[in-house]
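Visitor: Hi, I'd like to talk through a structure with you. Could we start with a term I'll need along the way?
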Amino acid sequence: MTALRHIARVALGTALIGAGVSHLTVAREEFRAQVPEFVPLDPDTTVVISGVKEVLLGTLLVFARKRRGLVGWLAALFFVVIFPGNIAQWVHQRDGFGLDTDEKRFVRLFFQPVLVAWALWSTRGGKR
């Protein structure tokens, strides 16, 4: 794995760990704004579950030596699965994380594919 991929993988993992911890602590209310109505769980429960998953995925991205490619695919899948939350925040005009206009919420939608690509690219090369 190239040094740049290594740095990108560790940076993404660290960001996921930080986001996951904030799901569980200081930003729970902000994250509730992203939970779509169709999710059958209580919004707070959804935020806690997604936070735990983010911490786990981030930890795996940073520390997993084997199966990095699989971890990258799992992280990419996670980003795809949570994308409806970003759409819901835009459609329902919910403020959160400084996204206080329709334009800001809309522009944010284009960052999710970047995260998917980042997860896949930074873990390419698999087991090393």
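Guide: Happy to. A residue is called buried under 20% relative accessible area, exposed over 50%, and partly exposed in between. Do keep in mind that this is a predicted model.

Visitor: How far is F97 from E30?
Guide: In sequence, 67 residues separate F97 and E30, while their C-alpha atoms are 6.5 Å apart in space.

Visitor: Switching topic: which residues make the nonpolar surface patch?
Guide: L70, L74, L77, V80 and V81 form that patch, with an area of about 450 Å². One of them, L74, belongs to helix α4. L74 has a relative accessible area of 39%, so it is partly exposed too.

Visitor: Now pockets. How much space is in the largest pocket?
Guide: The largest pocket holds about 940 Å³. Its lining counts 35 residues, and H23, S50, E54, F78 and I82 are the ones nearest the centre.

Visitor: Which elements give two or more residues to that lining?
Guide: Those are α1 (3-24), α3 (43-63), α4 (68-91) and α6 (111-122). The most comes from α4, which gives 9 residues.

Visitor: What's the lining like by class?
Guide: The lining of the largest pocket has 25 nonpolar residues, alongside 7 polar and 3 charged ones.

Methods:
Residues are numbered from 1 along each chain as its sequence is written. This is a predicted model: local features need pLDDT of at least 70, side-chain atom pairs count only at pLDDT 80 or more; totals for chains, interfaces and linings use all residues. Side-chain values use heavy atoms; hydrogens and water are left out. On a 1 Å grid over the protein atoms alone, a cavity is a set of points where a 1.4 Å probe fits but cannot get out, and a pocket is an open set with protein on both sides within 12 Å along at least five of seven lines; lining residues have an atom within 4 Å of a point. Grid points are joined across faces, edges and corners, and a volume is the space filled by probe spheres set on the points. Helices (H or I, at least four residues) and strands (E, at least two) are DSSP runs, numbered from the N terminus. Ala, Val, Leu, Ile, Met, Phe, Trp, Tyr, Cys and Pro count as nonpolar, Asp, Glu, Lys and Arg as charged, and the others, Gly among them, as polar. Patches are made of residues with over 30% relative accessible area and no salt bridge: like charges are joined within 9 Å, nonpolar side chains (Val, Leu, Ile, Met, Phe, Trp, Tyr) within 5 Å. Accessible areas come from the Shrake-Rupley method with a 1.4 Å probe; for residues, only the protein chains shown count as cover. A salt bridge is a side-chain nitrogen of Lys or Arg within 4 Å of a carboxyl oxygen of Asp or Glu. Buried means under 20% relative accessible area, exposed over 50%, partly exposed in between (1.4 Å probe, protein chains only).
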